[in-house]
Amino acid sequence: MSVEVLGDLFRPIIMGVLLGGLFALIALGLSMVFGVMKLINVAHGDLMIFGAYFAYALMTAWGIDPILSLTMGIPLWFGLGFAIQKYIMSRAFGISMEAPLIIAFGISLILQSLAQIIWSPYNRGLEAPYALGYISLGITSVPRTYLLSFIAALVVMLVLREFLRRSYLGKAIIAASQDRRGAELVGINTGRVYAFAFAIAMATAAVAGVFFGLTFTFTPTSGVGYLVIAFGVIIIGGLGSMLGTFIGGIVLGLTQTLSGHFLGAAWQMLFVYLIVFVVLAVRPQGIFGR
Amino acid sequence: MDVERNMKVSINQSRLILPVVLVVVLAVFPIIGTPPAWLLYLFHFFIYLAMANMWNLLAGYSGLTFLGPAALVGLAGYTLVIVTWNDLPFYLGIIVGGVVAAAFAALIAIPTFRMRGIYFAIGTLVVPEVLRNVFYVWKPIPGDFIGGGAGYMIKGIEGLSLTEFYWLALVTGIVSILVMRLVLRSKLGLGLAAIRDSDRAAASSGVDVFRSKLYAFVIAGFVMGAAGAIFYIYQGNIQPKEAFAIKWLMYPLVATVIGGMRTEEGPIVGTTIVVFLYFLLSKYGQLSLLIQGVILVIIMLLVPEGIVGFVRRKTKNYQSILQLATRR
């Protein structure tokens with residue numbers, strides 16, 4: 001009997017782990033901005049969804065492949081992030097405690113209504129011929145999009161890790177996140193570093209948006225829910241650790257697929273949000289956190 | 001001196017007379033044949049005013065950046081459904097809705113008050129998401145074709161017209177203003193102000209931090225819930241997607257910040273602008289929200305104290321200059 005149950009469980013477990021990769025990919029940018037600037041960018045989910053819409057626009061207008069469209073999406077989002085931090089967010093810090101939160105909320109409001117004006121409130125999705133159907137993983141088969149997202153998450157994480165470890169800018173970002181004044185004392189322009197950190201976070205949001213759009217359908221207001229999930233991922237995984245972020249993503253991914261498996265699809269998001277809430281209430285510093 | 005004192009007395013009297021006259025005028029609006037469209041604007045104005053006032057009480061005066069008003073509104077709306085489907089009168093639904101929302105606020109206060117700053121903000125943002133999913137699967141009134149994503153009709157409101165909706169909203173709006181005045185002038189208000197500036201300093205001077213925040217939260221919960229229930233009486237139906245939507249945070253937040261957080265008049269000014277924009281641009285769909293977002297960002301960057309705070313600062317400067325010039 002146990003073999004049968006396990007055999008049944010293989011699929012949701014593998015799907016959950018793969019989905020966790022996507023969640024981690026979404027959370028990556030949020031975690032970076034939070035870690036460096038101690039700011040939760042409430043517009044992160046909407047910026048991610050907007051990335052999906054950008055790819056959707058290119059796909060429907062000129063038939064450009066969603067993943068290929070990232071060659072435009074990543075630089076554009078990078079520039080957008082740089083501009084948001086340099087011209088808006090950097091000023092918000094000096095105003096009051098809640099100013100950055102409210103301004104990010106304003107940006108989220110602008111993005112949501114722009115998406116509704118341009119693309120209507122209906123469900124949209126990204127399509128690519130290689131992302132259709134299922135792929136066999138030996139024991140079970142999973143949707144190709146899940147595997148693609150997982151691979152993308154791994155790639156982005158490895159690239160980001162090497163960048164933070166090896167490049168001057170990466171080291172400067174880590175230094176500024178550990179001790180702002182100390183970083184300034186050794187000659188790091190923290191204002192500039194913050195802008196780059198935000199820009200990089202936005203670039204990962206563009207990537208996350210495309211793979212999210214390939215995996216699920218989205219509406220202009222989808223961002224809020226995934227902001228919450230991404231926040232849950234970094235709370236569970238703790239700040240400043242890529243591995244932790246990955247584990248956090250997998251915990252929530254497994255929560256979603258396993259509760260869907262045992263109780264039905266209608267219950268799965270309920271459990272994901274509940275877990276986020278419980279973790280926030282019990283251990284706001286994170287389970288794997290420092 | 002005498003003239004000055006007389007002026008003060010007359011100012012105090014006019015301060016009382018003006019609001020009373022205003023309320024009476026607003027109350028007779030539906031009887032004297034005001035166009036229905038105006039009543040509709042004012043209905044929305046008063047509902048959102050109540051929400052904005054309570055959001056100001058929490059975020060502006062109690063240091064609780066509460067991002068989950070939708071939870072209270074939605075719960076009160078569904079309470080209204082349960083009450084009216086059990087053949088009980090709708091006004092009972094408003095009161096019970098407010099009570100349920102207040103009780104729920106007390107319930108989530110226990111876990112969420114442990115969270116600080118941004119954690120509290122996101123923690124309360126999760127709550128409506130949880131509840132929305134609860135109401136997708138849980139049917140408070142079982143049956144086919146109702147509940148879940150399809151939602152419910154509100155029963156027992158067939159005899160009501162815009163006039164009654166308007167009066168209900170007017171009462172809620174006025175109650176929310178009075179609640180703000182009472183709370184801010186009470187010991188609770190002083191304690192909240194101390195907590196907002198520094199909760200440790202407040203605690204060491206004998207303010208019960210948890211209890212003060214809890215009272216503010218429960219009061220706001222009741223008023224927000226009642227306002228939400230009245231809105232759903234007007235709307236006539238409720239679905240999880242819309243009841244727990246982010247718009248219930250958007251309007252109070254935008255109105256409060258534009259008008260001026262931590263000022264009593266701020267939400268009134270802000271709600272006027274928000275509702276005006278909403279109806280002015282209703283033809284263009286989401287355009288009013290886009291503009292509200294832009295205004296929100298600009299106001300926060302340029303005049304973070306909001307319109308009322310800005311005007312107050314400017315007139316204060318002006319008055320002090322005037323005083324310097326006229327004295328001696």
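## The loop between helix 1 and helix 2 of chain A

Lys38(A) lies in the loop between helix 1 (2–37) and helix 2 of chain A; helices here are DSSP runs of H or I with at least four residues, strands are runs of E with at least two, and both are numbered from the N terminus. The phi of Lys38(A) is near 55°, a positive value in a residue other than glycine. Lys38(A) is partly exposed, because 14 other C-beta atoms lie within 10 Å. A residue is called buried if 20 or more other C-beta atoms lie within 10 Å of its own, exposed if 12 or fewer do, and partly exposed in between, with C-beta atoms placed from the backbone.

Ser120(A), in the loop between helix 4 and strand 1 of chain A, also has a positive phi, of about 65°, although it is not a glycine. Ser120(A) counts as partly exposed because it has 13 C-beta neighbours inside 10 Å. Most residues other than glycine have a negative phi.

## Model and confidence

This is a predicted model, in which local features need pLDDT of at least 70 and side-chain atom pairs count only at pLDDT 80 or more, whereas totals for chains, interfaces and linings use all residues. Residues are numbered from 1 along each chain as its sequence is written, and chains are lettered from A and ligands numbered from 1 in the order in which they are written.

The predictor gives the complex an ipTM of 0.87 and a pTM of 0.89. Chain A averages a pLDDT (the predictor's confidence in each residue, from 0 to 100) of 87, and 95% of its residues score at least 70. For chain B the average pLDDT is 87, with 95% of the residues scoring at least 70. Within chain A, confidence is lowest in strand 1 (residues 134–136), at a mean of 82, and highest in helix 2 (residues 44–62), at 93.

## Architecture of chain A

Chain A contains 11 helices and two strands, which follow the pattern α-α-α-α-β-β-α-α-α-α-α-α-α along the sequence. Its radius of gyration is 19 Å, close to the 19 Å that the globule rule gives for 290 residues, so chain A is as compact as a globular protein of that length. The radius is taken over C-alpha atoms, and the rule is 2.2 Å times the number of residues to the power 0.38. The C-alpha trace of chain A spans about 65 × 45 × 35 Å along its principal axes, and 52% of the 290 residues count as buried. Among contacts in chain A between residues at least 6 apart in sequence, 76% join residues at least 24 apart; a contact requires C-beta atoms, placed from the backbone, within 7 Å.

Helix 6 (residues 168–178) of chain A has Ala172(A), Ile173(A), Ala176(A) and Ser177(A) buried. These residues cover an arc of only 135° around the axis, which puts them on the same side of helix 6; the arc is that of the directions from the helix axis to the C-beta atoms. Tyr168(A) and Gln178(A), on the other side of helix 6, are exposed.

## Architecture of chain B

Chain B has 14 helices and two strands. With 328 residues, a compact globule would have a radius of gyration near 20 Å, and the 21 Å of chain B agrees. Its C-alpha trace spans about 80 × 55 × 35 Å along the principal axes, and buried residues make up 45% of the 328 residues.

The domain assignment, from an automatic or database source, gives chain B domain 1 (1–33) and domain 2 (37–246). Their C-alpha centres lie 31 Å apart. Five residues of domain 1 are in contact with five residues of domain 2. The residues on the domain 1 side divide into five nonpolar, no polar and no charged; Ala, Val, Leu, Ile, Met, Phe, Trp, Tyr, Cys and Pro count as nonpolar, Asp, Glu, Lys and Arg as charged, and the others, Gly among them, as polar.

## Contact between the chains

The contact takes 36 residues from chain A and 35 residues from chain B. On the side of chain A that touches chain B, the elements giving two or more residues are helix 3 (70–95), helix 4 (99–119), helix 9 (223–237) and helix 11 (265–282). Helix 4 gives the most, with 13 residues. By class, this side of chain A has 28 nonpolar, six polar and two charged residues.

Gly123(B) is found in helix 5 (residues 118–137) of chain B and counts as buried, with 28 C-beta neighbours inside 10 Å. Not counting residues up to four places away in sequence, Gly123(B) touches Phe277(A), Leu280(A), Ala281(A), Thr112(B) and Met115(B).

How values were computed:
Two residues are in contact if their C-beta atoms, placed from the backbone, lie within 7 Å.
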